[in-house]
Amino acid sequence: MARIGFIGLGNMGFHMALNLLGKGHVVAGYDRDEGQVAAFGQEGAKVCASAAEAAEDAEFVITMLPDGPVVEEVMLGAGGTAAAMAPGALHIDMSTILPTQSDAIREALAARGVTMIDAPVGRTASEARTGKLLIIVGSDSEQLERARPLFECMGDTIVHCGTAGSGIRMKLVNNYMTTVTNLVTAETLTLAASCGIETATALEVLRGTAAGRGHINTTYPDKVLKGDVTPGFMIALARKDLVLGLKTAEGAGVKLTTGAAALDVYDFAVDAGQGGEDWTSILNIVPDLP
Ligand code: NAD
């Protein structure tokens, strides 16, 4: 069983650390919020008065903090966390932070003899609680295998994205899609409601099409990702339907900001002469956008 210093016992970290503890690891926890530290102590874990104290004697130091400046301050700041780490101990940053800042922290730690890998997580606090997170790892294989038993306590899916820095990049790619589709989902349900359609009815329809099932699960694999842009459903017709939806929303006084932005891209595709290609061919348009 490993000795782990866990820094950042918030909505996610608290449960992740508890799952490590529950599987028999020795966990020393720290958070700047004394209430979180006290709650963690009540679960039978060792609690610490500083991040540096949590890092002492640990084989692994895990950070699950709000953003990059906090990770940098905790690891490299005056508190001396990096300096407190034992030789050979591994830093695993599981926070969601700017990739270039992750790179800079990793390089600064390397200069102090500390190896850092990035392992941000997908899913939510609910899966943090049940130990079913998706762990998105950027690491060389040796450090990944070292950390894998810990990841298996916190998640049920571990995806190795490549060398250090690639996990945090993949996480942001994932979050780009989820944050934008969150708004598209909200706009879609608002449009349905403005047309007098029950939400339950809208969900039933949306769950049965690419709208709700997602293009990654439906249209893309057999078309553009295979290099086939012969039309199943033409870009020009998709553009027409988008315009119909925007006009309907306009009539109902609903503002569809992502739809308006999407129309610019469909217009560009049609102007570029690709209106007759399959709508998934929009993938080939995006790199050419001015
Ligand atoms: P949170 O705000 O609940 O937890 C962060 C914890 O860090 C807090 O308890 C805070 O007191 C502590 N903290 C802040 N500064 C500190 C410092 N200097 N020293 C020690 N502790 C400090 O946030 P969260 O929801 O647990 O998210 C943590 C990270 O995980 C974020 O980067 C977030 O983007 C990412 N994430 C969150 C979710 C989610 O659903 N909540 C999902 C995936 C990833």
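Q: Is Lys255 buried or exposed?
A: Lys255 counts as exposed, because its relative accessibility is 70%. The cut-off for exposed is over 50%. Keep in mind that this is a predicted model.

Q: Where is Lys255 found?
A: Lys255 is in a loop. That loop runs between helix H12, residues 235–252, and H13.

Q: How far apart are Lys255 and Glu187 in space?
A: They are 8.0 Å apart, C-alpha to C-alpha. In sequence, 68 residues separate Lys255 and Glu187.

Q: What comes just after H9?
A: Gly196 is there, with a positive phi of about 80°.

Q: Which residues other than glycine take a positive phi? Start with Asp57.
A: Asp57 has a positive phi of about 65°, although it is not a glycine. Most residues other than glycine have a negative phi. Arg123 is another case, with a positive phi of about 90°.

Q: Where do Asp57 and Arg123 lie?
A: Asp57 is in the loop between helix H3 (51–55) and strand S4 (60–63). Arg123 is in the loop between strand S7 (121–122) and helix H7 (125–130).

Q: Is Asp57 buried or exposed? What about Arg123?
A: Asp57 is exposed, because its relative accessible area is 56%. Arg123 counts as partly exposed, at 41% relative accessibility.

Q: Why does Lys171 count as buried?
A: Lys171 counts as buried because its relative accessibility is 6%. The cut-off for buried is under 20%.

Q: What does Lys171 touch?
A: Leave out residues up to four places away in sequence. Then Lys171 touches Thr96, Pro120, Val121, Gly122 and Ile136.

Q: What about the ligand? Which residues come nearest?
A: There are 21 residues around the ligand. Asn11, Met12, Asp31, Leu65 and Thr96 come nearest. Thr96 is also one of the residues that Lys171 touches.

Q: How much of the ligand does the protein bury?
A: Taken alone, the ligand exposes 820 Å². The protein buries 76% of that.

Q: New topic: Asn19. Where does it lie?
A: Asn19 lies in helix H1, residues 13–22. Asn19 is buried, because its relative accessible area is 17%.

Q: What does the side chain of Asn19 reach?
A: The backbone oxygen of Ala128, at 2.8 Å. Asn19 also touches Arg129, Thr130, Gly131 and Cys153, not counting residues up to four places away in sequence.

Q: What about Ser281? Buried or exposed?
A: Ser281 is buried, because its relative accessible area is 0%. Ser281 is in the loop between helix H13 (257–271) and helix H14 (282–285). Leaving aside neighbours within four places, Ser281 is in contact with Val224, Val229, Ile235 and Gln274.

Q: Which annotation covers residues 165–284?
A: UniProt, in an unreviewed entry, gives "domain: 3-hydroxyisobutyrate dehydrogenase-like NAD-binding". That stretch of chain is 64% helix and 0% strand. Its end C-alpha atoms are 26 Å apart.

Q: Zoom out. How many helices and strands does the protein have?
A: The protein has 14 helices and nine strands. It has 290 residues, and 41% of them count as buried.

Q: What box do the C-alpha atoms fill?
A: Roughly 65 × 40 × 30 Å, along the principal axes. The accessible surface of the protein is about 14700 Å², and 56% of that belongs to carbon and sulfur atoms.

Note on methods:
Residues numbered from 1 in each chain as written. Heavy atoms only, no water. UniProt positions renumbered as here; feature names shortened; annotations may be inferred. Helix = DSSP H or I, 4+ residues; strand = E, 2+ residues; numbered from the N terminus. Buried < 20%, exposed > 50% of the residue type's maximum accessible area, 1.4 Å probe, protein only. Contact = heavy atoms within 4.5 Å. Near = heavy atom within 4 Å. Areas by Shrake-Rupley, 256 points an atom, 1.4 Å probe, with all protein chains shown as cover. Polar contact = N/O pair within 3.5 Å; in protein donor to acceptor, adjacent residues only side chain to side chain.
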